[in-house]
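Trainee: Please take me through one part of this model closely. I would like to look at the ligand and what surrounds it.

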Amino acid sequence: MRMLAILLGGLFSVMALAKPVPLDDVSRQEIAERIAPVGSVCKEGEDCAANVGAVAAAPSEPRSGETVFNKFCTACHTSGLLGAPKKGDTAEWTKRASAIGGYSKLLQQAYAGIGSMPPKGTCMNCSEEEFGNAMLYMGAVK
Ligand code: HEC
């Protein structure tokens, strides 16, 4: 117990002696750099975006239904995998659209994901318009 008291006493006197070290501007700057977040967001139009290049730029035109379909939808919608309505089966597309109340409702439901189909039919960067283009390409009617 006595030992503990001595230890604690020692500790407190060390703490009392320790003064906060004043930071000059240089070390402040260094610390800010060290603890800066790893990444930063660069928005289009800001100076930092000047060097981003074409890779990060959003596609200027919406992709065609054919492009989207061939890349993302064909895997299921060509063969009818997992019960997917097939490309070209206009009757089935029309039936689905009227069952839910029209093309836009069908788009919304499918875009959110339905049954075995993941959201956006796996085209994670598809806008609703691009997704719709692929629907039309597969036989849905607006
Ligand atoms: C992993 C397989 C798979 C992929 C990839 C896929 N789909 Fe589907 N899709 C399905 C299945 C399965 C259904 C039927 C779901 C149901 O009726 O439960 C379906 C249904 C749909 C429907 C009708 C939804 C409804 O409410 O009846 C639309 C529209 C659709 N897909 C669009 C697309 C588009 C556009 C793409 C590509 C961007 C795509 N799908 C990619 C499996 C897929």
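Mentor: Start with the whole chain. Read along the sequence, its pattern is α-α-α-α-α-α-α. That gives 7 helices and 0 strands. Keep in mind that this is a predicted model. Of the 142 residues in the chain, 16% are buried. Now take the contacts between residues at least 6 apart in sequence: 58% of them join residues at least 24 apart.

Next, the ligand. The shell around the ligand holds 27 residues. Cys73, Cys76, Gly115, Met117 and Gly121 come nearest. By class, the shell has 19 nonpolar residues, 7 polar and 1 charged. Which helices supply at least two residues each? They are α4 (65-77), α5 (90-100), α6 (103-112) and α7 (128-138). The largest share comes from α4, with 6 residues.

So how do these helices pack? Begin with α4 and α7. Their axes are 9 Å apart, and the packing angle is about 70°. Angles of 65 to 115 degrees count as roughly perpendicular. The helices α4 and α7 are therefore roughly perpendicular to each other. The crossing of α4 past α7 is right-handed. From α4, the contact uses Gly65, Glu66, Val68, Phe69, Cys73 and His77. From α7 come Glu130, Asn133, Ala134, Leu136, Tyr137 and Met138. Sorted by class, the contact of α4 with α7 has 7 nonpolar residues, 3 polar and 2 charged. Look again at Cys73. It is among the residues that come nearest to the ligand, and Cys73 is also part of the contact with α7.

Now turn to α5 and α6. Their axes come within 7 Å and cross at roughly 95°. Helices α5 and α6 are therefore roughly perpendicular to each other. On the α5 side, the contact is made by Arg96, Ala97 and Ile100. On the α6 side, Tyr103, Lys105, Leu106 and Gln109 meet them. The class count for the contact of α5 with α6 is 4 nonpolar, 1 polar and 2 charged residues.

Stay with α5 for a moment. Lysine 95 is found in this helix. Is lysine 95 buried or exposed? Lysine 95 counts as exposed, because it has 12 C-beta neighbours inside 10 Å. Then follow the chain on to alanine 140, which is 45 residues from lysine 95. The C-alpha atoms of these two residues are separated by 9.5 Å.

Finally, check the loops that join these helices. Leucine 82 sits in the loop between α4 and α5. Its phi is positive, about 60°, although leucine 82 is not a glycine. Leucine 82 has 10 C-beta neighbours inside 10 Å, so it counts as exposed. Lysine 120 is in the loop between α6 and α7. Lysine 120 has a positive phi of about 60° too, although it is not a glycine. The cut-off for buried is 20 or more.

Helices α4, α5, α6 and α7 each supply at least two residues of the shell. In the shell itself, 19 residues are nonpolar.

Methods
Residues numbered from 1 in each chain as written. Predicted model: local features only at pLDDT ≥ 70, side-chain atom pairs only at ≥ 80, totals over all residues. Near = placed C-beta within 6 Å. Helix = DSSP H or I, 4+ residues; strand = E, 2+ residues; numbered from the N terminus. Nonpolar A, V, L, I, M, F, W, Y, C, P; charged D, E, K, R; others polar. Axes fitted to C-alpha atoms, helices over the stretch in contact; angles between N-to-C directions. Parallel < 35°, antiparallel > 145°, perpendicular 65-115°, else oblique. Contact = placed C-beta atoms within 7 Å. Left-handed = near helix turned anticlockwise from the far one by under 90°.
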